[in-house]
Amino acid sequence: MPSGSDKLYTGSKDKNVMVWDCQSGQVGVINLGGEVGCMLSEGPWVFVGAPNVVKAWNTQTSMDLSLNGPVGQVYALVVGNDLLFAGTQLQHLRVTLLLLSH
């Protein structure tokens with residue numbers, strides 16, 4: 001669960017991210033168009049690794065980003081020192097500078 005959020009995010013091979021509202025019990029669906037390889041929550045941000053992209057949502061501001069650049073299915077995500085590291089099936093490592101407070 002992202003910091004300050006009452007929603008739980010899950011993803012699967014069916015190409016969907018499920019958004020579970022812990023207060024109401026309602027479930028929303030976001031279709032990514034590609035298999036969810038991994039997910040990461042960092043502060044108010046949710047990052048989802050999919051084929052050739054990392055999707056990012058800020059749960060407080062509703063900002064929605066697509067971080068293009070990874071090649072292949074993204075299977076690993078780590079955030080450290082305002083950098084997002086994305087590891088792919090093709091043994092590539094993509095590094096992106098993030099401004100997580102914005």
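**Entry 1: the start of the chain**

I began with Met1, which I found in the segment before strand S1 (7-11), where strands (E, at least two residues) and helices (H or I, at least four) are DSSP runs numbered from the N terminus. I noted that this is a predicted model, in which local features need pLDDT of at least 70, side-chain atom pairs count only at pLDDT 80 or more, and totals for chains, interfaces and linings use all residues. Residues are numbered from 1 along each chain as its sequence is written, and side-chain values use heavy atoms, with hydrogens and water left out.

Is Met1 buried or exposed? I looked up its relative accessible area, which is 53%, and Met1 is therefore exposed, given that exposed means over 50%, buried under 20% and partly exposed in between (1.4 Å probe, protein chains only). Setting aside its neighbours within four places in sequence, I listed Asp6, Lys7, Leu8, Cys22 and Ser41 as the residues in contact with Met1, contact meaning heavy atoms within 4.5 Å.

Glu42 belongs to strand S4 (residues 38-42) and is partly exposed at 31% relative accessibility. To Leu83, 82 residues away in sequence, the C-alpha to C-alpha distance from Met1 is 20 Å.

**Entry 2: a patch on the surface**

Met1 also turned up in a nonpolar surface patch that it forms with Leu8, Trp20, Val27 and Val29, together showing about 450 Å² of accessible area. For such patches, I recorded that the residues have over 30% relative accessible area and no salt bridge, with nonpolar side chains (Val, Leu, Ile, Met, Phe, Trp, Tyr) joined within 5 Å and like charges within 9 Å. The areas come from the Shrake-Rupley method with a 1.4 Å probe, and for residues only the protein chains shown count as cover.

**Entry 3: charged pairs**

How many salt bridges are there? I found 2 salt bridges, taking a salt bridge as a side-chain nitrogen of Lys or Arg within 4 Å of a carboxyl oxygen of Asp or Glu. Lys7 pairs with Asp6, their closest N and O atoms being 3.4 Å apart, and Lys7 also pairs with Asp21, where the closest N and O atoms are 3.5 Å apart. Because Lys7 lies in strand S1 and Asp21 in strand S2 (residues 16-21), this second pair ties together parts that are 14 residues apart in sequence. Through shared partners, the salt bridges join Asp6, Lys7 and Asp21 into one network.

Asp21 is buried at 17% relative accessible area, while Lys7 is partly exposed at 28% and Asp6 is partly exposed at 27%.

**Entry 4: the core**

Which residues make up the largest nonpolar core? I wrote down 11 residues: Cys38, Trp45, Phe47, Val54, Ala56, Leu67, Val74, Leu77, Val79, Leu84 and Ala86. A nonpolar core here is a set of buried Ala, Val, Leu, Ile, Met, Phe, Trp, Tyr and Cys residues joined through side-chain atoms within 4.5 Å. Strand S5 (45-58), strand S6 (64-80) and strand S7 (83-88) are the elements that give two or more residues to this core. Apart from it lies another core of 7 residues, among them Val17, Val19, Val46 and Trp57. As general background, nonpolar side chains tend to be buried together in soluble globular proteins.

I followed Leu77, a member of the largest core, and, leaving aside neighbours within four places in sequence, found Leu77 in contact with Cys38, Leu40, Phe47, Val48, Gly49, Val54, Leu84, Phe85 and Ala86.

**Entry 5: cysteines**

I looked for disulfides (a pair of cysteine sulfur atoms within 2.5 Å), and the count is 0. Cys22 is partly exposed, with 44% relative accessible area, whereas Cys38 counts as buried at 13%.

**Entry 6: backbone angles**

Lys15 has a phi near 75°; it sits in the loop between S1 and S2 and is partly exposed at 40% relative accessible area. Asn81 has a phi near 55°, lies in the loop between S6 and S7, and is exposed at 76%.
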